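User: I would like to go through this structure in a few questions and answers. Please give the cut-offs as the terms come up.

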Amino acid sequence: MNNPIPVIICDDSSLARKQMARALEGWNVEITLAEQGLEAIEAIRAGKGDLLFLDLNMPILDGYGVLERIQRDDLPTMVLVVSGDIQPDARNRVKALGALDFIKKPINPDIVSDVLHQYGLLSELSPSDAPSPPPTEVAIDLKSYYQEIANVAMGRAGDRLARLLKVFVHLPIPRVDVISIQELDMALRNHIGREGSATVSQGFVGAGISGEALLLFTESNIPDMAKLLHYEGPIDEAAEKEILIDLANVLSGAFLNSLAHQLDISFSQNPPFIIGMHGDLPEIGDNGENSWDKTLSIEISYRIEDHKINCDLLLLFTEDSLDALNERARFF
């Protein structure tokens, strides 16, 4: 048997690294794992990566930064980008930076195999050869599943937004946590209480899972929002509200639809409504029988290139939804 080819899998998600390693079972490879870009660069310099499977959205040094350094320093590796960010511009940018090809998440072993055969990058093991076991990692916890589900859904949402609005959306690393309602109340009051802020809420429900999508805007961006949505006419308070509602429909709807697809369910979405504007503080939280003690939160910060539009999407699931949500997340 020929010597195995050194391969690096670089992704901040432990679940994504595990999925990619499984997709390479049956190929003659020796795998090194990296959690962010600097680790991948060090591994390439150490001769551990003739081929690099590279995520884009990572802390410290993201995939774009890795590609730039590989190109700048003429590092000896070939790169296949594996990402949930499937915007056309994302594909074009990584190709311009030297990536061979782009594989979209979630990882499909058949597609990985097709790409490897197309470029002749690796050789498959013969049936008589024992397959190389993937690197051992700690057990995957549910938070990692939600992190990767949110990452893929965010990429799908970014693609929809990019095509609909003719823009490039900078996608961050989703933040996933279980927080108490007291923590949520304090965070929302801190945002809503600021002069020049606006918060839009949209409820959703489906398959025993329900929650609320909150979009946290700064009102100083409203003129640029109007331009993006091709809104014509004077921007008075009524127009501001209409613009916020329209953009909330686009942003939260794109993510909720993408998330529902990952979970193999369908969400029914309520019309969005403004819960805080011009620093007004509404009553946050329900003190009745349906109040929550804690909630699973997924936070995403959208930034639209060449527009002064920054907003945070905060997805909150009711406490009684967590069992059904956990069950579906395990099948991702």
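Analyst: Helix 3 lies across strand 3 and strand 4, and its direction makes about 155 degrees with strand 3. Helices (H or I, at least four residues) and strands (E, at least two) are DSSP runs numbered from the N terminus, and axes are lines fitted to C-alpha atoms, for helices over the stretch in contact (heavy atoms within 4.5 Å), with angles from 0 to 180 degrees between N-to-C directions. This is a predicted model, in which local features need pLDDT of at least 70 and side-chain atom pairs 80 or more, while totals for chains, interfaces and linings use all residues. Residues are numbered from 1 along each chain as its sequence is written, and side-chain values use heavy atoms, leaving out hydrogens and water.

User: In what order do the 5 strands of the open sheet lie?

Analyst: Two strands pair if DSSP finds at least two bridges between them, and strand 1 (residues 5-10) and strand 3 (residues 51-54) pair in the parallel sense over 4 bridges. The pairing in the open sheet is parallel, and the order of its 5 strands is 2-1-3-4-5.

User: Is Thr77 buried or exposed?

Analyst: Thr77 sits in the loop between helix 3 (63-73) and strand 4 (78-83), and a polar atom of its side chain lies 2.7 Å from the backbone oxygen of Gly49. Buried means under 20% relative accessible area, exposed over 50%, and partly exposed in between, with a 1.4 Å probe and protein chains only. The relative accessible area of Thr77 is 14%, so Thr77 is buried.

Conventions. A polar contact is a pair of N or O atoms within 3.5 Å; within protein, one must be able to donate a hydrogen and the other to accept it, and residues adjacent in sequence count only if both atoms are side-chain atoms.
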